[in-house]
Each structure stands twice: as C-alpha cells, then as structure tokens.
Amino acid sequence: MSLHFVEFELNGCQIDGMVEARRTLLDFLRCDVGCTGPHAGCEHGVCGACTVLVEGQAVRSCLMLAVQANGKTVETVEGLSGGPKELHPIQQLFREEFALQCGFCTPGFLMTLVALDRSEPRPNAAEMREALSGHLCRCTGYQGVLRVIDRLTEDRK
Ligand code: FES
Ligand code: FES
C-alpha cells in the first residue's frame, strides 16, 4: 500500500495527511478529517449527496480521489455558515421554504446552489433546475427546493 502526502485548504483552514492513492476525497473528508457534511449516499456519482466545491466548482467527492485535491481549495457545507444563528443566505432560504426533510441530501443541494449563485453570468431558474436534476432526494422534497430557486432568481430581478 503506497501512501501519498496531500494538503489543501478546507473551509479556509490548511489541512494535510497521508492517503492511499485510491482513497476518495469523500472518505478522506469524512473518515480522516472528520468533516461529515458531505454525505455518502450512492458512492458512485448518482445522488449528489457528497457534493463539495473544489476551486469553486461543484464536484462529487465520491468520484474524486483525495490526492487530486492536493494544493486546491475545498469547501463543504460546514464552511457556509458561522453557526445556526448565522446561516448562509441560501441555507436561510431552505429554512424559510421548508426545503428539507431528513436533510440527508441537503448539503449536496446547497453546495451546488452556492456554486451556481456565485457563477457569472448567473444562471436563470431553468438552468438552476437543470443543474439540480442530478441531485436525488429520498424524501422527495423537491418542491421546497424549487421554491428556493424561485426566491434566488426573484431576488435578482
Ligand atoms: S455519494 Fe457521491 S454522488 Fe452519491
Ligand atoms: S430531505 Fe431526506 S433525502 Fe432529501
């Protein structure tokens, strides 16, 4: 088993560790770093629950190797807010629109929406819906998420 040194910026903090070449970024974050916001759902790129931002781009961390994150910036849902009283504006919209039930899928939805909301030109509602079509919610709570998209795009009019 060969181990590789990996270091990257995680939610503004520099982290490092030794990882097997085959270890996914998802497993490294959850099991080695203790950053459990990215959830392990399907673990083969289908559900979106593991989505994190790498260099600002939404990435399925179950499909990326930890060594591929070396030298990059990684953001997870833990980095979005300063705590329950300081939610990120998109988290606040999820709260107001009841856009979560069990919450298992929610970090993935949030990270993809944050990436879209930061991008220029900003996507319209149809483009946001399309981007979220690869996220699965076992609780089928999609209507609330669609209301969040409407709010996000209304705020821009
Ligand atoms: S756990 Fe990565 S896409 Fe489902
Ligand atoms: S809120 Fe339960 S899986 Fe989406």
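Let's start with the largest pocket, whose lining is made up of Gly41, Cys42, Cys47, Ala49, Cys102, Phe104, Cys105, Leu136, Cys137, Arg138 and Cys139. On a 1 Å grid over the protein atoms alone, a pocket is an open set of points where a 1.4 Å probe fits, with protein on both sides within 12 Å along at least five of seven lines, and lining residues have an atom within 4 Å of a point. This is a predicted model, where local features need pLDDT of at least 70 and side-chain atom pairs count only at pLDDT 80 or more, while totals for chains, interfaces and linings use all residues. Residues are numbered from 1 along each chain as its sequence is written.

The volume of this pocket is about 150 Å³, counted as the space filled by probe spheres set on the points. Domain 1 (3–79) and domain 2 (89–154) each give at least three residues to the lining; such bounds come from an automatic or database domain assignment.

| Residue | Relative accessibility | Class |
|---|---|---|
| Cys42 | 24% | partly exposed |
| Cys105 | 11% | buried |

How many disulfides does a search of the whole structure find? The search finds zero, a disulfide being a pair of cysteine sulfur atoms within 2.5 Å.

The contact (heavy atoms within 4.5 Å) takes 17 residues from domain 1 and 14 residues from domain 2.

Technical notes:
Chains lettered and ligands numbered in written order. Heavy atoms only, no water. Buried < 20%, exposed > 50% of the residue type's maximum accessible area, 1.4 Å probe, protein only.
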